[in-house]
Amino acid sequence: MPEEKNRDTPSRLAQALKALIPQRGQDESQLGPMMRAIRAVHSVASAGGSTSPEDLERQRAGQELFAKLVTPAIGVTTQEVRVRHIPAEWVRLDFGHDRRHIVLYCHGGGYTCGQLGYARILASKLALATGCDVFSFEYRLAPEHPYPAAVQDAQAVWDHLMYQGFGARDVILAGDSAGGNLALELCLNLKEQGRRQPRMLALFSPWTDMTCSGLSHTDCADIDPMLTAEYIAAVRQAYTGPDADWADPRYSPLFGDLRGLPATLIQVGTNEILRSDSELLHHKLQEAGVYSTLEVYEDCWHVFQQMPIRRAAQAMESVGRFVQRNL
């Protein structure tokens with residue numbers, strides 16, 4: 001009996017992996033409960049890419065619930081503040097830490113979703129990984145507030161931190177997904193204004209190319225458990241309007257002048273349709289003479305760092321090492 005059980009172990013393990021990691025050709029009904037939950041929370045694909053008020057309200061509420069389930073609860077304290085009209089929050093470490101540097105974190109959500117509660121997931125992890133306090137903010141969302149509202153809010157928060165006595169070189173700028181887009185746009189704005197860049201950039205699955213020209217948009221279409229082409233098209237239109245030139249660097253920082261940007265760490269999963277956005281950004285940064293490190297995590301999905309899994313912990317440990325090397 002024990003020998004028969006041992007022989008059956010590989011097949012049971014294979015079934016478990018299929019439930020956890022999307023396989024090519026699987027439809028949503030075949031995904032395991034964790035991956036179905038991720039898709040339900042992070043994507044409006046089930047509504048055909050809808051950005052109607054009702055669908056957005058459900059998605060935003062789902063993100064807040066998701067945040068309550070997975071946000072680290074030990075080692076950090078939060079303090080809500082306000083920058084003009086912008087709700088913001090400090091995530092502060094409860095123990096001795098680096099008080100000379102901070103992380104400014106731009107949350108994701110396709111520019112249509114994301115609140116302070118949702119931002120607290122990665123803000124808390126960033127604080128614990130880097131040993132720095134983290135400042136996150138609730139920028140205005142589309143379609144109620146399309147471009148350039150989010151960029152204006154990011155600029156206002158940056159200016160606020162400078163007025164508070166932080167120097168640009170004291171700030172580690174981080175962002176995931178659309179927040180990665182926003183972080184890059186903030187850097188390009190600062191460059192255009194002749195101002196100093198942040199100390200470094202940490203980007204998680206950044207959305208860099210709104211033209212969707214990368215190969216992963218087709219190659220990973222049936223193994224991405226979170227994002228779909230319909231979702232990308234819907235939130236893009238909500239943010240920019242239907243007649244925008246998506247190759248414009250104001251929307252797609254991939255096509256901007258990246259010279260002079262800070263040292264950058266990019267993390268992305270193999271199974272996401274935005275993988276090419278990270279790979280192309282890495283190559284463009286290197287061509288521009290910017291120090292860039294790209295980490296591609298096998299069988300991982302969009303912003304997997306949010307999840308309470310081993311690979312997320314490994315990714316955040318790598319962020320901590322990158323920060324310490326570049327301080």
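Contact is taken here to mean heavy atoms within 4.5 Å. In the predicted model described here, Tyr111 touches, when residues up to four places away in sequence are not counted, Tyr139, Leu141, Ala142, Ala150, Ala178, Asn181, Leu182, Trp207, Met210 and Tyr239. Tyr111 also belongs to the largest nonpolar core, a set of 68 residues in which Leu104, Tyr111, Phe137 and Leu182 are the members that touch the most others. Helix α6, spanning residues 178-192, supplies the largest share of this core, namely eight residues.

Glu185 is buried yet takes part in no salt bridge, and the nearest side chain of opposite charge, that of Arg250, lies 7.7 Å away; a salt bridge requires a side-chain nitrogen of Lys or Arg within 4 Å of a carboxyl oxygen of Asp or Glu. With neighbours within four places in sequence left aside, the contacts of Glu185 comprise Val151 together with Pro249, Arg250, Tyr251, Ser252 and Pro253, and Arg250 is thus found both in this list of contacts and as the nearest oppositely charged side chain.

As regards the cysteines, the structure holds zero disulfides. Cys113 is buried, with a relative accessible area of 0%, and Cys300 is likewise buried, with a relative accessible area of 0%.

Note on methods: Residues numbered from 1 in each chain as written. Predicted model: local features only at pLDDT ≥ 70, side-chain atom pairs only at ≥ 80, totals over all residues. Heavy atoms only, no water. Disulfide = S-S within 2.5 Å. Buried < 20%, exposed > 50% of the residue type's maximum accessible area, 1.4 Å probe, protein only. Core = buried A, V, L, I, M, F, W, Y, C linked by side-chain atoms within 4.5 Å. Helix = DSSP H or I, 4+ residues; strand = E, 2+ residues; numbered from the N terminus. Lys, Arg positive; Asp, Glu negative; His and termini not counted.
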